[in-house]
Amino acid sequence: MTPLRLGYLYGLGAYLLWGFFPLYLKLLRPAGPLEILAHRIVWSVVFVALLLAALRNIGFLRALLRRPWALAGIVAAAALIAVNWGTYIYGVNSDRVVETALGYFINPLVVVLLGVTVLGERLRPAQWVALGIGASAVAVLTVDYGRLPWLALTLAFSFAGYGLVKKRLGLPAAEGLFVESAVLALPALGYLAWLTRRAESTFGHVSAGHTALLVVAGAATAIPLLLFAGAANRLPLTNLGMIQYLAPILQLGCGVLIFHEPMPPARLAGFALVWLALIVFTADAVRQSHRTRLATRTPSPSLSPEPVTGRRR
């Protein structure tokens, strides 16, 4: 199998798992969002530690401890991903799957916005148009909801910020997830101990199946991230960007078709504007990628003197 085809398989696997993740989270009731988040953190540490031990790749920690700025970045990344995970779990288990899907639809636009505001990047005209349409969509959805779609915006900004910090750190997927989860593990364990002391923990008190599903949260978190890393290493960024919309499309389908969440005309109009913004954004990215490939393939003009032919031009 070619690396490109393998990359597509990894990418599709990651986004399919993320797309159907609301179905898994619904099974974790009656555990509350914070309890689910704490289990997700703790069991992620356990799962990835076992994976790294099997790969004999624990030595990276020694090198990391000698980089204090990297450790500070990891703490920031851990805080952002904890906000993202917690908000997503809350959204799914409060019957707002459609709004969580919106957050991941607008995430690429927020990434562009952070590029301008944080990194000082200059946008192409089509990117400005996409941002303008996206802002219009948020305004329409604000009128529909009667409030800002804060849950969607929190998901979009926290994940975009997480991606920005991760890009600066440059850690591999498994190692990065292990350290980020380890940073959060102590408060997560403390919260689970507090729930147990108050006799409010659902772990081991609902059913064997429910307990097993909470333990599986570690693998359910790590496996899509590892698949995504495998795809990112094999696919051009444009190709990977094209399939990233699979996850929110599936999440939206889960919300509307399986959980029967409402989709009134005004909300549908807001989503339509978001999709229009993404079409403009993606078309511009594909065009820019095509131009870049053509530029790299075009040979540079020769600097050697032209041979004398005896004729004047």
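**View 1. Gly161, a buried glycine in a predicted model.** You'll find Gly161 in helix H8, which covers residues 150-169. Leaving aside residues up to four places away in sequence, Gly161 touches Leu80 and Leu114.

**View 2. Helices H3 and H9 packed against each other.** Here we've got H3 (residues 33-54) and H9 (residues 173-197), with axes 7 Å apart and an angle of about 135°. That angle is why the two helices are described as oblique to each other. As for handedness, H3 and H9 make a left-handed crossing. Sort the residues of this contact by class and you get 20 nonpolar, three polar and two charged.

**View 3. Helix H12 and the residue that follows.** H12 takes in residues 246-258, so to speak a run of 13 residues. From first C-alpha to last, H12 reaches 17 Å, close to the 18 Å expected at 1.5 Å a residue. Quite a list of H12 residues is buried: Ala247, Pro248, Leu250, Gln251, Leu252, Cys254 and Gly255. After H12 comes His260, and its phi is positive, near 55°.

Notes:
Residues numbered from 1 in each chain as written. Predicted model: local features only at pLDDT ≥ 70, side-chain atom pairs only at ≥ 80, totals over all residues. Heavy atoms only, no water. Axes fitted to C-alpha atoms, helices over the stretch in contact; angles between N-to-C directions. Helix = DSSP H or I, 4+ residues; strand = E, 2+ residues; numbered from the N terminus. Parallel < 35°, antiparallel > 145°, perpendicular 65-115°, else oblique. Left-handed = near helix turned anticlockwise from the far one by under 90°. Nonpolar A, V, L, I, M, F, W, Y, C, P; charged D, E, K, R; others polar. Buried < 20%, exposed > 50% of the residue type's maximum accessible area, 1.4 Å probe, protein only. Contact = heavy atoms within 4.5 Å. Expected span 1.5 Å × (residues − 1).
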